[in-house]
Amino acid sequence: MAEHTDLAVIGSGPGGYRAAVLGALRGLKVSIIEKDAWGGCCLNHGCVPKKDWHHTARLLAAQPSFSERGIQGALRPDIEAAWQHQRQVVATVQDSYAGYLAHLKVDSVQGCARFLDAQTLEVRNDQNSSREIHAQHIIIATGASAHIPSPFPENAARVLTTDRLFTQALPSGRRVALIGSGVVATEMAFILTQLGCEVHWLARSPMLNRLNFSRPARDTLIKELTRQGIELQRTKGFVAVKETQNHVHIRLEEGRELEVDWVCLGTGRKPHTQALNLTAAGINTDTQGFIQRDASLRTANRNCFAIGDVANSLMTANHALAEATLAVDNIIHEADKSLDWQQIPMVVYSALELARLGHDEDSAEDAGLEPAVGFAAFQTSPCALGQDDISGFVRLLADMDSGAMLGGEIVGGSAGELIHLLSLAPDTQSALRWLAKGIYNHPARAEEVLNATETLANKWGLQEPIFGG
Ligand SMILES: Cc1cc2nc3c(=O)[nH]c(=O)nc-3n(C[C@H](O)[C@H](O)[C@H](O)COP(=O)(O)OP(=O)(O)OC[C@H]3O[C@@H](n4cnc5c(N)ncnc54)[C@H](O)[C@@H]3O)c2cc1C
Ligand SMILES: NC(=O)c1ccc[n+]([C@@H]2O[C@H](COP(=O)([O-])OP(=O)(O)OC[C@H]3O[C@@H](n4cnc5c(N)ncnc54)[C@H](O)[C@@H]3O)[C@@H](O)[C@H]2O)c1
């Protein structure tokens with residue numbers, strides 16, 4: 001006999017968790033189903049433990065300026081203690097998530113969900129007992145898992161993806177081959193180096209070439225990585241990978257051989273749909289396995305939405321969270337609203353933070369817009385100087401005619417926080433006026449956002465739309 005609910009959410013990552021919380025806050029009876037660890041990739045082996053390690057890495061990377069600041073002595077990384085620290089943070093957050101779901105009377109169901117028909121799910125747990133849930137609306141937020149390309153062996157003790165790096169005890173040894181040039185590898189190159197590993201960073205393509213950060217942003221990051229002795233070595237490909245008891249041997253296409261203690265793969269992620277039996281619900285996937293949906297995030301089955309990594313190839317928690325908000329809104333209002341994808345920020349946490357949203361100059365011009373640029377560097381920021389953290393800049397783009405904000409990029413310390421000044425603006429038309437009128441704390445890094453806004457207004461004759469009458 002199936003139990004009835006207003007909203008069933010499959011997956012408890014940032015997308016699923018936020019959808020369940022918002023649904024409950026807006027009066028729906030909600031069930032959330034999770035087959036594995038509560039909190040999904042983001043909490044257990046993604047954003048949260050990564051951010052914990054990134055902070056440790058930043059503290060260690062600040063060392064060269066310590067003696068000039070009057071701090072004596074040397075710091076030494078302890079990667080095992082750092083590993084325990086991220087586990088404690090994850091456990092604390094997990095408890096708080098579970099507590100909040102219980103407080104909101106969300107039914108949290110442990111087990112693997114599959115569709116029986118368009119509105120009914122079967123949830124089977126590890127003890128092989130099952131429940132049926134019939135839901136008015138279903139949100140699929142089943143995420144993705146790490147891809148292990150050939151010739152890297154699956155299930156090898158010394159060949160890890162980040163899915164295992166943060167959850168299983170680290171292999172012995174500190175010589176690490178880090179594979180890939182996407183966000184995972186760009187972040188882990190900095191983190192693992194600062195945590196005391198000898199990192200051999202190997203990739204077939206240039207760093208972050210799938211993301212539209214500007215040339216100056218990439219160059220600033222490369223300069224900072226190089227200063228810290230971190231360099232991406234390009235290879236034509238990987239021919240053979242052999243694991244022995246204590247080492248991994250890698251043969252590269254150009255003939256070079258490398259022996260390391262373990263391998264960390266940042267070689268992409270694949271959407272998670274295998275167990276769902278989507279055909280029973282009339283839901284389709286594309287050639288890469290992502291669930292197909294329309295702009296309102298509805299699948300071919302109108303009662304069913306797909307959000308986050310299972311449907312969006314950008315695969316960030318920021319996208320999963322924004323999509324959860326939209327899906328619940330469309331359910332509550334029986335609406336077909338869509339997202340302004342340009343307003344979702346993307347942040348990379350490496351030797352510097354790179355944050356961006358909206359158009360870059362090329363995409364603005366391709367869209368037939370005329371971008372005006374405003375720039376401010378942290379080099380002369382009183383706050384940044386006092387922090388010995390002067391690399392980076394704020395770069396804002398506005399429409400030459402209307403003064404509407406087209407996009408923005410922030411590079412440097414706290415860029416992941418500062419980007420909120422752009423993403424939380426009331427709307428793109430009034431965003432720069434809002435920034436120009438704001439009252440800022442001094443001395444603060446955020447003042448460079450104001451400087452970039454004012455520079456833009458003056459340089460391009462946009463005083464009227466930006467400063468107002
Ligand atoms: C190392 C790393 C660092 C990252 N750092 C950041 C960052 O700093 N910022 C950022 O924005 N993004 C970051 N990301 C990306 C981010 O983690 C993902 O985009 C995000 O977790 C996606 O959320 P989701 O809700 O779509 O899915 P997930 O978080 O993957 O959660 C999906 C959940 O669904 C469950 N599930 C799957 N199938 C079923 C089923 N049939 N039944 C029941 N449950 C099921 C899974 O067990 C999982 O718990 C990072 C990723 C990695 C790998
Ligand atoms: N801060 C963040 O928002 C954040 C952090 C981490 C991950 N993520 C998301 O997680 C997803 C996964 O990240 P990622 O860096 O693993 O993936 P990615 O798709 O960004 O990069 C994959 C890398 O693996 C390489 N690669 C692919 N196949 C290969 C093969 N057969 N042999 C050798 N190299 C190969 C690619 O050339 C590329 O460099 C991304 O979509 C990313 O946006 C986001």
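**View 1. The side chains of serine 181 and serine 205 are joined by a polar contact of 3.0 Å.** In this predicted model, serine 181 is found in the loop that runs between strand 9 (175–179) and helix 6. With a relative accessibility of 7%, serine 181 counts as buried, because the limit for that class is under 20%. Leaving aside residues up to four places away in sequence, serine 181 touches Thr186, Trp201, Ala203, Ser205, Pro206, Met207, Leu208 and Leu232.

**View 2. Oxygen atoms of ligand 2 lie close to polar atoms of serine 181, valine 184 and glycine 268.** From serine 181 a polar side-chain atom lies 2.7 Å from an oxygen atom of ligand 2, whereas valine 184 places a backbone N or O atom 3.0 Å from an oxygen atom of the ligand, and a polar backbone atom of glycine 268 is found at 2.9 Å from an oxygen atom of ligand 2. On its own ligand 2 has 850 Å² of accessible area, of which the protein covers 81%.

**View 3. The shell around ligand 2 is made up of 22 residues, of which Ser181, Val184, Gly268, Leu314 and Val347 are the closest.** Helix 6 (183–194) and strand 18 (346–349) each contribute at least two residues to this shell, and helix 6 gives the most, with three residues. By class, the shell around ligand 2 divides into eight nonpolar, nine polar and five charged residues.

View 4. Not counting residues up to four places away in sequence, alanine 185 touches Leu178, Ile179, Gly180 and Trp201.

View 5. An oxygen atom of ligand 1 is 3.4 Å from a polar backbone atom of proline 14, and the corresponding distance is 3.4 Å for threonine 316 and 3.3 Å for asparagine 318. Taken alone, ligand 1 exposes 1000 Å², and the protein buries 93% of that area.

**View 6. Threonine 316 is placed in the loop between strand 17 (304–306) and helix 8 (317–332).** At 10% relative accessibility threonine 316 counts as buried, and its side chain is joined to that of histidine 319 by a polar contact of 2.7 Å. Not counting residues up to four places away in sequence, threonine 316 touches Asp309 and Met346. An unreviewed UniProt entry places the feature "domain: FAD/NAD(P)-binding" at residues 6–324; in the model, the end C-alpha atoms of this span lie 16 Å apart, and the span is 30% helix and 25% strand.

Notes: Residues are numbered from 1 along each chain as its sequence is written. Chains are lettered from A and ligands numbered from 1 in the order in which they are written. This is a predicted model: local features need pLDDT of at least 70, side-chain atom pairs count only at pLDDT 80 or more; totals for chains, interfaces and linings use all residues. Side-chain values use heavy atoms; hydrogens and water are left out. UniProt positions are given in the numbering used here, feature names are shortened, and annotations may be inferred rather than shown by experiment. Helices (H or I, at least four residues) and strands (E, at least two) are DSSP runs, numbered from the N terminus. Buried means under 20% relative accessible area, exposed over 50%, partly exposed in between (1.4 Å probe, protein chains only). A polar contact is a pair of N or O atoms within 3.5 Å; within protein, one must be able to donate a hydrogen and the other to accept it, and residues adjacent in sequence count only if both atoms are side-chain atoms. Contact means heavy atoms within 4.5 Å. A residue is near a molecule or strand if one of its heavy atoms lies within 4 Å of it. Accessible areas come from the Shrake-Rupley method with a 1.4 Å probe; for residues, only the protein chains shown count as cover. Ala, Val, Leu, Ile, Met, Phe, Trp, Tyr, Cys and Pro count as nonpolar, Asp, Glu, Lys and Arg as charged, and the others, Gly among them, as polar.
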